[in-house]
Amino acid sequence: MNLERDLRRAADIISDADSVTIVSHIDADGISTEAILAQALSREGIPLESVFVRQLEPMAMRHIPDDDSLKLFADLGAGQQALLESRGLSAEDVLILDHHVSQPCTTAYPMINCLDHGITRMSAAGLAYLVAKTLDPTNIDLAKLAVIGNVGDMMARENCGLVGPAREIVQDGVEYGNIIVQSRDLNCYGLSTRPVHICLGYCDEPYIDGISNNTNGALRFLERLGVELKNPRGGWLVWEELPFGDRRRIVSALTQHLIAHGQDTGRLLAETYIFPDEPERTPLRNASEYATLLNACGRWAKPGVGSSICRGMRGEAYREAEYMLGHHRSVIRDLLHYILDTGVTELSHLQYIHTGDRFPDTIVGIGAGMALSKLNWRKPIMVLSAMVDDPDLTKVSMRTNEWALSRGIDLQQALVEASASVGGAGGGHRIAAGAFIPRETEEEFVDDVNRVLKRQFAAAGQDDR
Ligand SMILES: [Mn+2]
């Protein structure tokens, strides 16, 4: 299959539509995808409406209007084609732009899927951007949103930077002038908003002895280097504000520190993406913090606010988004503490915890990911949570890391297989996946997943424990 030809076909389907309903996901990738498509379509003069869903499941289908508009499913749809079919949507009614594993289906819905082109490091926002650029080459201002979506979907994680087609999109933004690439920057979160010692203290990949999970230790480390950490008025500087020489001094000291402790320095540096058109010291200033802001909007039922921000709205929309970011952080912190304080149950090949209805099911996956590095990181973590609006269902979120992937673990495959055997449904990616299962099958399901993971480890010949 030829990507160029697929993009052209998608652009033609969109151009021919009298009106479009964009159906997208509530996470950072889904929101930036929607914002790219909505802007590209508006510029073509095509009337559109947007619908955001937490998950494309039977209940969510109610929000999709029963009209003649083209239904443009983005960042979802590939794995739910049977659902589109059962809703009575024909191949002419639908276009799917996705990067999730596809479900076999008798109706041949037009779809562009990154995976069909061997692209595993680009998200829906990247795909949406390529379609927008095919519609009109002047849409390259939207590359910035594609970078936010890609970074939000962890596409830069494995290689400490975007690669392949997703990296080519970065170049469009650089040429347009709304992206600055910082190669060999510090691989930490919060480079534009957090005091440097807080930034370092919260960084746990790589884990730096005496600094990770220890902001006081991080501060002492920086003070010993004699770097000026405050501005003349006594406020903390953020990483982005430090003079180049100071940043280089800190990086080389961290490198020596890691080497002295026999630790790998491979993940200390990463390529980061700064947005010079956004105000300094705000979460809008770089791709990873911007993505978190969008996630906060989406997870707390305000994806439309995130979308407005992406389209350049500020003022009230921005104040609302900032408030949700604060709320998002505090609930995730509570969830993380709950997981660590309560403790997980360890099976041979996974660890799990049930959080009941204490936390919204939209954030348990994020908490699971954060808890993993503080628990036994060799075992994938599973968090089960009650669905408040459907007491018969349990939401399952799993996370693992690059180490386990290199040893054959594939969470998407494990959850699809195990959930099917208990009458549920699963999907996602190798490193992060989710499922919905009938509540009464929880115990059986956890054992099933453990068995599949054991088989995956064994098949890769890496079951050395
Ligand atoms: Mn996505």
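Mentor: Let's begin with what a record says. The unreviewed UniProt entry annotates residues 189-265 as "domain: DHH-CID"; UniProt positions use the numbering used here, feature names are shortened, and annotations may be inferred rather than shown by experiment. Keep in mind that this is a predicted model: local features need pLDDT of at least 70, side-chain atom pairs count only at pLDDT 80 or more, and totals for chains, interfaces and linings use all residues. Residues are numbered from 1 along each chain as its sequence is written.

Trainee: How far apart do the end C-alpha atoms of residues 189-265 lie?

Mentor: Look at the make-up of that span as well: 44% helix and 0% strand. Helices (H or I, at least four residues) and strands (E, at least two) are DSSP runs, numbered from the N terminus. The end C-alpha atoms of residues 189-265 are separated by 17 Å.

Trainee: How many residues of helix α4 are buried?

Mentor: A residue is buried if 20 or more other C-beta atoms lie within 10 Å of its own, exposed if 12 or fewer, and partly exposed in between, with C-beta atoms placed from the backbone. Helix α4 covers residues 124-135, and its buried residues include G126, Y129 and K133. The helix is mostly covered, and the count of buried residues in α4 is 12 of 12.

Trainee: Which residue in β11 is the bridge partner of I381?

Mentor: Start with the strands: β10 (residues 381-386) and β11 run antiparallel, joined by six bridges. Two strands pair if DSSP finds at least two bridges between them. A hairpin of six residues links β10 to β11. In β11, I381 has as its partner R399.

Trainee: And which residue in β13 is the bridge partner of S397?

Mentor: Strand β11 (residues 393-399) has six of its seven residues buried. Seven bridges connect β11 to β13 (residues 432-438), and these two run antiparallel. Over in β13, the partner of S397 is G434.

Trainee: Why does M154 count as partly exposed?

Mentor: M154 sits in the loop between α5 (143-152) and α6 (164-176). Its phi is near 65°, a positive value in a residue other than glycine. M154 counts as partly exposed because its C-beta neighbours inside 10 Å number 17.

Trainee: What is the phi of R184, roughly?

Mentor: R184 belongs to strand β6 (residues 180-186). R184 counts as partly exposed, with 15 C-beta neighbours inside 10 Å. Although R184 is not a glycine, its phi is positive, at about 55°.

Terms used: The expected span of a helix is 1.5 Å times one less than its number of residues.
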